[in-house]
Amino acid sequence: MKESILKKYTDGIKLEDGYKRIREGFAFVDGSVFGMYKVSGSGAADTLDKLAARDLAYLNIETVSEALVLDEDAKALGVPYFCRLDEDFIVLTPPGCEKAGEWISAKCAEDGVDISDLKEEKSLLFIEGPVSYKPVREVLGVDVDLLPIRGITQVEDWNGFALTVMRIGRSNEYAYAIVADGDAILKAVEGCG
């Protein structure tokens with residue numbers, strides 16, 4: 001993701017002001033520190049189901065679940081987000097969860113399931129805070145009243161870009177993640193900021 005827009009938005013903000021924005025308004029959080037994978041095809045759900053401590057094969061379409069991933073020695077590798085689109089999944093691995101991403105990649109390759117690094121073509125942006133629904137509704141045009149917690153919606157054409165918007169985050173129930181082309185992310189930040 002181009003840093004100039006986020007840098008422009010965050011330059012000069014003191015730590016206390018950043019926390020105030022997240023606690024009382026909304027703030028952008030750069031998701032470039034997350035791993036981001038696309039797992040595709042008819043075997044994706046079954047393979048991921050074997051790797052997670054949740055029944056991902058039964059995860060509803062357009063929903064997100066966090067699930068513990070263990071290695072063969074039952075060592076915890078992390079708790080990624082598993083985002084079910086249809087037959088495809090987006091797997092987001094937070095910082096400190098890199099080994100889970102590597103494990104998932106290796107196991108998908110062993111099972112012949114397509115997995116690709118989405119960071120090569122997409123960017124990830126979080127909008128966090130109790131008022132984060134406003135820019136998501138007003139700038140991105142997402143009907144946030146119909147998007148449940150852990151829900152996903154696809155925006156096919158937002159200013160010429162496709163967006164995947166998920167209602168997930170760490171600060172409170174009103175937090176969103178956006179997966180899109182880097183230029184779309186920058187346009188969204190400019191429109192919200």
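Biologist: How many bridges join strand S9 to strand S12, and in which direction do the two run?

Modeller: Two strands pair if DSSP finds at least two bridges between them; strands (E, at least two residues) and helices (H or I, at least four) are DSSP runs, numbered from the N terminus. Here strand S9 (residues 123–128) and strand S12 (residues 175–180) run antiparallel and are joined by 6 bridges. Serine 123, for instance, has alanine 180 in S12 as its bridge partner.

Biologist: What is the order of the strands in the open sheet?

Modeller: The open sheet has 5 strands in the order S1-S9-S12-S11-S10, with antiparallel pairing. Strand S1 (27–30) and strand S10 (152–158) are the edge strands, each pairing on one side only.

Biologist: What is the mean pLDDT of the protein?

Modeller: This is a predicted model, in which local features need pLDDT of at least 70 and side-chain atom pairs count only at pLDDT 80 or more, while totals for chains, interfaces and linings use all residues. Residues are numbered from 1 along each chain as its sequence is written, and side-chain values use heavy atoms, leaving out hydrogens and water. The term pLDDT denotes the predictor's confidence in each residue, from 0 to 100. The protein has a mean of 89, and 92% of its residues reach 70 or more. Confidence is lowest in helix H1 (residues 3–10), with a mean of 58, and highest in strand S7 (residues 89–93), at 97.

Biologist: Is serine 40 buried or exposed?

Modeller: Buried means under 20% relative accessible area, exposed over 50%, and partly exposed in between (1.4 Å probe, protein chains only). Serine 40, in strand S2 (residues 35–40), counts as buried because its relative accessibility is 18%. Contact means heavy atoms within 4.5 Å; leaving aside neighbours within four places in sequence, serine 40 is in contact with Asp88, Val113 and Asp114.

Biologist: How many disulfides does the structure hold?

Modeller: A disulfide is a pair of cysteine sulfur atoms within 2.5 Å. The structure holds 0 disulfides. For cysteine 97, the nearest cysteine sulfur is that of cysteine 83, 12 Å away. The sulfur of cysteine 192 is 20 Å from the closest cysteine sulfur, in cysteine 83, too far for a bond. Cysteine 97 is buried at 4% relative accessible area, and cysteine 192 is buried at 14%.

Biologist: Where is arginine 150 found?

Modeller: Arginine 150 lies in the loop between helix H5 (133–138) and S10. Its phi is near 70°, a positive value in a residue other than glycine. Arginine 150 is partly exposed, at 28% relative accessible area.
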